[in-house]
Amino acid sequence: MGSAIIFKDVNFSYIESENARFEDFSLEIEEGSFTTIVGPNGSGKSTLVKLMVGLLEANGLIKINNRFVNAKNIKTIRKQIGVVFDNPNSQFICDTVLEDIEFALANYGYKQSVIKKKIKAIVDLLKIDLKYKLCKDMYLPIDEIKRQCKRRHKKGNTRCSFCLG
């Protein structure tokens, strides 16, 4: 197995901060590993993940599954990494999970007919009862969604996993 995630000599700081968040930071995570990033508030856990998925840009080398994190590869990388942050306001756009899934698929440029098929496939994959989903599963509290996401991700065939918070 090779490295699924590589950070090499990465430098990053927020514009409003005098201190560097990462200075000559290097990290290598092997494919198939399960990694937990822990630390106090403000220590850079979320920044690390945002760099991985291209939400922030840094100097240095960042590779995910042998692809450099750059404009050319970012869509492919984002399809391979799932991120669940502690603050739901940072990640949910719509009022329901179903609408958020629909929103994400529309942003990938899928037509409405394809979106409906993909939502059905997602509902089947996550074993959400269609008759039940609108009154319960699609309106789960955010903490329960995060717990289920982490649980399902652990059971899945993933290259590596992250849990924050």
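Let's start with F7. F7 is buried, at 2% relative accessible area. Keep in mind that this is a predicted model.

So who sits beside that ring? By the pairing rule, there are three aromatic pairs here. One of them joins F7 and F25. The geometry is edge-to-face, with 5.8 Å centre to centre and 75 degrees between the planes. This pair links distant parts of the chain. F7 lies in strand β1, residues 3–12, and F25 lies in strand β2, residues 22–30. They are 18 residues apart.

Next pair: F12 and Y14. Again edge-to-face, with centres 4.9 Å apart and planes at 85 degrees. F12 is buried, at 9%. Y14 counts as partly exposed, at 22%.

Now back to F7. Which residues share its aromatic cluster? F22 and F25 do, and together with F7 they form one cluster.

Rings can also meet charges. Look at K63: its charged end sits over the ring of F68, 5.0 Å from the ring centre.

Last stop, helix α1, residues 45–52. How many of its eight residues are buried? Six, so the helix is mostly covered, since buried means under 20% relative accessible area. The buried ones are K45, T47, L48, V49, L51 and M52. Just after α1 comes G54, with a positive phi of about 75 degrees.

Notes:
Residues are numbered from 1 along each chain as its sequence is written. This is a predicted model: local features need pLDDT of at least 70, side-chain atom pairs count only at pLDDT 80 or more; totals for chains, interfaces and linings use all residues. Side-chain values use heavy atoms; hydrogens and water are left out. Buried means under 20% relative accessible area, exposed over 50%, partly exposed in between (1.4 Å probe, protein chains only). Helices (H or I, at least four residues) and strands (E, at least two) are DSSP runs, numbered from the N terminus. Rings of Phe, Tyr and Trp (its six-membered ring) pair if their centres lie within 6.5 Å; planes under 30 degrees apart count as stacked, over 60 as edge-to-face and the rest as tilted. A charge sits over a ring if NZ of Lys or CZ of Arg is within 6 Å of the ring centre and within 35 degrees of the ring normal.
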